[in-house]
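Thanks for coming. I will go through the pocket, a cavity, a ligand shell and some aromatic rings. Have a look at the model first.

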Amino acid sequence: MSAASTDTPVDLYATDRAGLRALLEDLGEPAYRGDQVAAWLVRGVDDPQRMTDLPAALRDRLAARTAGSTPELVAHHVADGGRTHKFLLRFADGEAIETVLMRYPRRATVCISTQAGCAMGCPFCATGQAGLRRQLTAGEIVRQVVVAQQALATGRIGDVELDPSVVAGEGPDHVTNVVYMGMGEPLANLEPTIASVRWLHDPDGFGLSARSITVSTVGLVPAIGRLAELGLPLTLAVSLHAATDALRDDLVPVNRTHPLHELERAVQDYRRRTRRRVTIEWCLIGDVNDDVSQADALAAIARRLRAHVNVIPMNPTPGVRWQEPTRARTDAFVGRLERSGATVTLRDTRGRDAEAACGQLLAARTLGEGRTLPAARGAADRVGLLVAAAERGGSEGPS
Ligand code: SAH
Ligand code: SF4
């Protein structure tokens, strides 16, 4: 993570403190200038021209070295009466990703992407259907938090004035929580994900508590082990969706490589090492994984892992043949889990009025080619609810 000494553009948010000092020395400046730059970055300022304690000539040189690393805001969707904001950001190479900001009375949560697209191929998820476009860098991951921070604090992203609802209303004016639940599989982009977690958590970075950071994974067993080794009490959310290998092999193809018993062992280990309660995510699909036998098998896993279960009725997605479950089957599923002693959250109605589906958009592809967004209902709904429930589950402290 150190700064390159060539003329390739430098992403300041992908550069650690030593790298920033080296970069400034490379520009013929004393190393302490790197600390000055770091102080701006922590405050969410990445435009060298706004780093007013740097000499003007240095600002120009730094701007030249970092040109092109700031994403462009392509669209801003407001949902849920102004409490949910979805940003579509495009990087210099044309790839686009989604970042969602959710305001609550006592916290402001950002849902961030780690990949443009995803290679995991879960058949109910539109991001998965698009395949993997490319990995995001650590800087591109961190920058989504910066963008949300700028929006909250100033009502603007770069030069773009946002809808006033982004700063209006109750709740903190800075980011308090981050969830890795946007596009992509964080643990399939492990090193940048870990580097971004460090930036977010580091007292020299944004200084967020590890507990307020949630990483959601489809279950990449070796990477869960790596995450446990960090020794940080991050909240882990595991996208289970099926409690038997036969069904999970279809719904979450990576299960063929890391079957349930392996995953359960890894999660158990994570829980013991971090002393954090884990969340199980269950996308409830009509007549696919909403029956009694899946509920019973899920309850048994949840009890063994002392995990909180977060049930999210599937968002209908273009190109996906499955449907949302009926209300009756949803209630029966949740009731059965509760009677089995599992702690369960069913989604509330947050984000219902959103106008473009989050993670459901084939955004990277369509935006990358400069076309308009496909409209789809259901939006920040999915992310908002997942996030709310995961945080509720994860906020209960050591299990
Ligand atoms: N790749 C990671 C994180 C991003 S996906 C993971 O899968 O955990 C975040 C969550 O959205 C996952 O739990 C995923 O299963 C869920 N999801 C994907 N498509 C969905 C849909 N159509 N309806 C509801 N939830 C969905
Ligand atoms: Fe990838 Fe998660 Fe979608 Fe599966 S659910 S395809 S892992 S983003």
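What volume does the largest pocket have? About 580 Å³. This is a predicted model, where local features need pLDDT of at least 70 and side-chain atom pairs pLDDT 80 or more, while totals for chains, interfaces and linings use all residues. Residues are numbered from 1 along each chain as its sequence is written, chains are lettered from A and ligands numbered from 1 in the order written, and side-chain values use heavy atoms, without hydrogens or water.

A pocket here is an open set of points on a 1 Å grid over the protein atoms alone, with protein on both sides within 12 Å along at least five of seven lines; a cavity is a set where a 1.4 Å probe fits but cannot get out, and lining residues have an atom within 4 Å of a point. A volume is the space filled by probe spheres set on the points.

Back to the largest pocket. Its lining has 28 residues, and Asp46, Asp47, Thr70, Gln150 and Gly158 lie nearest the centre. Domain 1 (10-67) and domain 2 (72-391) both contribute to this lining, so the pocket lies between them. Those bounds come from an automatic or database domain assignment. With 6 residues, α5 gives the most to the lining. By class, the lining has 11 nonpolar, 9 polar and 8 charged residues.

Next, the cavities. The search of the whole structure finds 2 of 30 Å³ or more. α9 supplies the largest share of its lining, 4 residues. The lining of this second largest cavity counts 9 nonpolar, no polar and 1 charged residues. Among the lining residues are Val238, Leu260, Glu264 and Ile301.

Now ligand 2. The residues around it include Cys118, Cys122, Cys125 and Glu185, where near means a heavy atom within 4 Å. This shell divides into 5 nonpolar, 3 polar and 1 charged.

Last, the rings. There are 4 aromatic pairs in the whole structure. Trp199 and Phe206 have ring centres 5.3 Å apart and planes at 45°, so this pair is tilted. Rings pair if their centres lie within 6.5 Å; planes under 30 degrees apart count as stacked, over 60 as edge-to-face and the rest as tilted. Trp199 is buried at 10% relative accessible area, and Phe206 is partly exposed at 21%; buried is under 20%, exposed over 50%, partly exposed in between, with a 1.4 Å probe and protein chains only. Ring pairs also link Tyr13 with Trp199 and Phe206 in a cluster.

Methods: Ala, Val, Leu, Ile, Met, Phe, Trp, Tyr, Cys and Pro count as nonpolar, Asp, Glu, Lys and Arg as charged, and the others, Gly among them, as polar. Helices (H or I, at least four residues) and strands (E, at least two) are DSSP runs, numbered from the N terminus. Rings of Phe, Tyr and Trp (its six-membered ring) pair if their centres lie within 6.5 Å; planes under 30 degrees apart count as stacked, over 60 as edge-to-face and the rest as tilted.
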